[in-house]
Amino acid sequence: MAMILGRKSRYVLVMSSKPIELGSNLSAFFDELSKYIGLFGLAKLSPYFVKNIGEREFIFRIARGSEKEFILALSFVKLNGVAFYSILTSGTIRSLIRKYNEKKKN
Amino acid sequence: MFYDITYFNVDKGLTKLLGYKKIYCIGKDIALNEDGDYIITDAQQLHRFKLSNIIGIRASKVDKELFSKIKESGKPIIIDISNLLSGVEFIREYNTAKNVLRNAIKMRLNVSLASFAKDEAHLVSALQMLEIAKFLGVEEDKAKEMLGNGYDIGQKE
């Protein structure tokens, strides 16, 4: 959707406190997120779950310039007692994964 | 680099992934309201401990008299955001934390934030902590300074 409207995106790597099947709980996750940023906020951020790269690591695509609001809202989101930590942000998925691997090594 | 304080031991791998230099564990690295070399004390119990052993003073409400005592002591004030992170009575907790922070900054105290997380579900990353500081009304530079120096044990040694 973001691409169709010509919006530029940022990618955020999110880690959960426990392994969770986020793909099947996405609507509950976005409901919880909208509690803090509201429906207009959700429309502005246009968060999109891209993929998971591990049991606890997920990549989200966010409208550029709104990633900080997403990071903040994520601090308060709890899904079945699971918390979410934002680890990194980047302009491309490839560099996000590269940065994450570097961070894990160090 | 940022620091945090929790009630449980966070392993080094997760500490680095979360973007902290160190996460101090209460009961292991530091003591909370108990005698020891590195004490975090609640503002009301400031008088109980030797000043040189105190590394920070936890505050969760505004008390100007206590704040002026903290200022005299020269120790950093640590704002507990655990209630804010729990999500219960969010607006009330937000206003309380914002008030404490505003008053502490007004009185020119050395301010810091800490999650005081009881488990992994109440922990936040350094990126999130920075955004929370800004959410409470602090400018970006001040927020970075707050999370960087407030209760670095290394400074005491």
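Read along the sequence, chain A runs β-α-β-β-α-β-β-α. That pattern holds three helices and five strands. The model is predicted.

**Chain A: overall form**
- The C-alpha trace of chain A spans about 40 × 35 × 20 Å along its principal axes.
- Chain A has a radius of gyration of 13 Å, which agrees with the value near 13 Å for a compact globule of 106 residues.
- Of the 106 residues in chain A, 31% count as buried.
- Take the contacts in chain A with a separation of 6 or more: 68% of them join residues 24 or more positions apart.

**Where chain A touches chain B**
- Chain A brings 18 residues to the contact, and chain B brings 16 residues.
- On the chain A side, helix H2 (67-76), strand S5 (82-90) and helix H3 (93-105) each supply at least two residues.
- H2(A) gives the largest share of that side, with six residues.
- By class, the side of chain A that touches chain B has nine nonpolar, five polar and four charged residues.

**Two residues of chain B with positive phi**
- B:Asn33 is not a glycine, yet it has a positive phi of about 55°.
- B:Asn33 sits in the loop between strand S3 (31-32) and strand S4 (39-42) of chain B.
- B:Asn33 counts as partly exposed because it has 14 C-beta neighbours inside 10 Å, and the partly exposed class lies between 12 or fewer (exposed) and 20 or more (buried).
- B:Arg108 is not a glycine either, and its phi is positive, at about 60°.
- The loop that holds B:Arg108 runs between helix H4 (90-106) and strand S7 (111-114) of chain B.
- B:Arg108 is exposed, because 8 other C-beta atoms lie within 10 Å.

**A buried residue of chain B**
- B:Leu113 lies in strand S7 of chain B.
- B:Leu113 has 27 other C-beta atoms within 10 Å, so it is buried.
- Leaving aside neighbours within four places in sequence, B:Leu113 is in contact with B:Ile79, B:Ile81, B:Met129, B:Ile132, B:Ala133, B:Met146 and B:Leu147.
- B:Leu113 and B:Ala97 are 16 residues apart in sequence, and their C-alpha atoms are 9.8 Å apart in space.

Key:
Residues are numbered from 1 along each chain as its sequence is written. Chains are lettered from A and ligands numbered from 1 in the order in which they are written. This is a predicted model: local features need pLDDT of at least 70, side-chain atom pairs count only at pLDDT 80 or more; totals for chains, interfaces and linings use all residues. Helices (H or I, at least four residues) and strands (E, at least two) are DSSP runs, numbered from the N terminus. Two residues are in contact if their C-beta atoms, placed from the backbone, lie within 7 Å. Ala, Val, Leu, Ile, Met, Phe, Trp, Tyr, Cys and Pro count as nonpolar, Asp, Glu, Lys and Arg as charged, and the others, Gly among them, as polar. The radius of gyration is taken over C-alpha atoms; the globule rule is 2.2 Å times the number of residues to the power 0.38.
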